[in-house]
Amino acid sequence: MNQDVILQVKHLQTKFRVGRKIVNAVNDVSFELKKGRTLGIVGESGCGKSASAHSIMQLLPRSGNITGGSVIYHGPKGDIRLEQLKRNGKMMRSLRGKEISMIFQDPMSSLNPVYTVGRQMEENLIRHEKLTKGERKKRIVAMLEELGIPDAERRCGEYPHQFSGGMKQRVMIGIAMICNPRIMIADEPTTALDVTIQAQILELMKDMQRKHGTSIVLITHNMGIVAEACEEVAVMYLGKVVEYGTLEQIFENPLHPYTKALMRSVPVIGMDRDRELMTIPGATPDASTVFRHCEFVERCGSACGRCWQEMPEVICMADGHQVRCLRYKES
Ligand SMILES: Nc1ncnc2c1ncn2[C@@H]1O[C@H](COP(=O)(O)OP(=O)(O)OP(=O)(O)O)[C@@H](O)[C@H]1O
């Protein structure tokens with residue numbers, strides 16, 4: 001095993017039961033998170049990004065279950081198989097918020113409106129650290145200052161509705177970072193924010209990473225955000241990782257037609273001004289469909305007869321770049 005890897009997801013499978021249907025939300029997903037780096041998980045809505053994150057954190061709802069594969073956390077006390085832990089067992093509770101934290105897309109629904117911001121930041125400290133009330137207050141104020149929230153001492157006594165959207169998201173980062181976790185999973189942390197604030201929040205996360213050495217999994221549907229913030233990238237489509245590599249590999253030599261389509265769908269700094277932004281035709285199929293051929297075939301501009309007959313396996317290039325496509329050379 002590579003010493004630099006902190007989290008290893010191998011052939012993970014997660015299914016949801018919806019009535020009599022089985023939804024294959026995560027279907028043979030593998031990736032590695034390296035220490036102090038940011039892995040981007042990117043793909044359209046419904047491709048299984050959040051289900052992957054919730055599987056790692058053991059935060060799946062009752063209807064969801066990990067049915068295969070493994071999630072190995074290389075922690076300070078040795079390796080822990082997270083998928084084997086009870087969702088609310090002692091070990092998982094001791095890791096969640098302390099060593100592995102998560103920030104969610106919508107701060108409004110994640111922050112509790114009836115508690116002050118300081119009280120909500122204090123919760124993780126009470127749970128995981130042996131500190132006096134005064135020491136906790138000091139840590140919270142220092143964290144809010146680090147997050148660029150002016151007048152931190154006073155503001156930690158205020159309620160979420162007294163904060164702007166961007167400030168609320170800073171608080172969410174504060175809650176996630178207060179115990180200095182080794183891993184932070186950020187699920188679309190900037191989606192609800194306008195573009196300037198988005199950039200500030202991303203910069204702030206990178207800042208925190210530089211200062212604290214945090215490893216980040218950044219979930220997004222936006223290739224522009226991947227380009228700005230990530231070092232490694234997993235592109236997901238319908239529960240599978242269809243392309244995986246370093247940022248350079250993915251951006252300089254995209255191999256999967258879906259990755260290429262995603263890139264054409266967002267403006268990226270430096271792109272030709274006259275180039276039109278494209279949408280990907282069609283919609284993601286229902287995740288309960290059982291496929292015997294490539295899941296992307298109906299939306300793919302490069303598909304051939306074989307693509308309708310065979311399920312592509314992962315192909316690994318000599319430089320480690322991976323793709324799940326029969327036509328990656330031709331597309
Ligand atoms: N609680 C649930 N019950 C049933 N199906 C679910 C549940 N949560 C997610 N799914 C299904 O699992 C699949 C993956 O969903 P997931 O939320 O992981 O996608 P996503 O890529 O995170 O999308 P988004 O960007 O919209 O958050 C989808 O088909 C979705 O409908």
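Tutor: Two strands pair if DSSP finds at least two bridges between them. Strands (E, at least two residues) and helices (H or I, at least four) are DSSP runs, numbered from the N terminus. This model is predicted: local features need pLDDT of at least 70, side-chain atom pairs count only at pLDDT 80 or more, and totals for chains, interfaces and linings use all residues. Residues are numbered from 1 along each chain as its sequence is written.

Student: Which strand is joined to β10 by two bridges?

Tutor: β10 covers residues 240-246. Its partner here covers residues 322-323, and the two run antiparallel.

Student: In which sense do β9 and β10 pair?

Tutor: β9 spans residues 232-237. Alanine 234 stands opposite tyrosine 244 in β10, and glutamate 232 has threonine 246 as its bridge partner there. Over six bridges, the sense is antiparallel.

Student: In which sense do β3 and β9 pair?

Tutor: β3 takes in residues 38-42. Valine 42 has valine 235 of β9 as its bridge partner. The two strands pair over four bridges, and the sense is parallel.

Student: Are the two faces of β9 covered or open?

Tutor: In a regular strand the side chains alternate between the two faces of the sheet. Glu232, Ala234 and Met236 lie on one side of β9, and Val233, Val235 and Tyr237 on the other. A residue is buried if 20 or more other C-beta atoms, placed from the backbone, lie within 10 Å of its own, exposed if 12 or fewer, and partly exposed in between. Six of the six residues of β9 are buried, and both faces are covered.

Student: Why is β10 largely enclosed by the rest of the structure?

Tutor: Look at the burial count along β10. The strand has seven residues. It is largely enclosed because the number of them that are buried is six.

Student: Which residues have the most contacts inside the largest nonpolar core?

Tutor: A nonpolar core is a set of buried Ala, Val, Leu, Ile, Met, Phe, Trp, Tyr and Cys residues joined through C-beta atoms within 7 Å. The largest one here has 85 residues. Helix α7 (residues 165-177) gives the most to this core, with seven residues. Those with the most contacts inside it are Ile185, Val217, Ala234, Val235 and Met236.

Student: Which residues does valine 235 contact, leaving aside its neighbours within four places in sequence?

Tutor: Two residues are in contact if their C-beta atoms, placed from the backbone, lie within 7 Å. Valine 235 is the bridge partner of valine 42, and Val42 is among its contacts.

Student: Which residue in the turn between β9 and β10 has a positive phi?

Tutor: β9 and β10 form a hairpin, with two residues between them. Glycine 239 also lies in this loop. The positive phi, about 45°, belongs to leucine 238.

Student: Is glycine 239 buried or exposed?

Tutor: Its contacts beyond four places in sequence include Asn24, Cys47 and Ala287. Glycine 239 and alanine 287 are 48 residues apart in sequence, but 7.6 Å apart in space, C-alpha to C-alpha. Glycine 239 has 26 C-beta neighbours inside 10 Å, so it counts as buried.

Student: Which elements do the buried residues of α4 pack against?

Tutor: Helix α4 covers residues 117-128. Its buried residues are Val117, Gly118, Gln120, Met121, Glu122, Asn124 and Leu125. They pack against α5 (133-146), α6 (152-155) and α7.

Student: Which residues of α8 meet α7?

Tutor: α8 covers residues 195-212. On the α7 side, the residues are Gly165, Gly166, Gln169, Arg170, Ile173 and Met177. In α8 they meet Ile197, Gln200, Ile201, Leu204, Met205 and Met208.

Student: Is aspartate 151 buried or exposed?

Tutor: Aspartate 151 sits in the loop between α5 and α6. Its phi is near 55°, a positive value in a residue other than glycine. With 10 C-beta neighbours inside 10 Å, aspartate 151 therefore counts as exposed.

Student: How does asparagine 180 count: buried, exposed or partly exposed?

Tutor: Asparagine 180 lies in the loop between α7 and β7 (183-187). Its phi is positive, about 55°, although it is not a glycine. Asparagine 180 has 16 C-beta neighbours inside 10 Å, so it counts as partly exposed.

Key: Axes fitted to C-alpha atoms, helices over the stretch in contact; angles between N-to-C directions.
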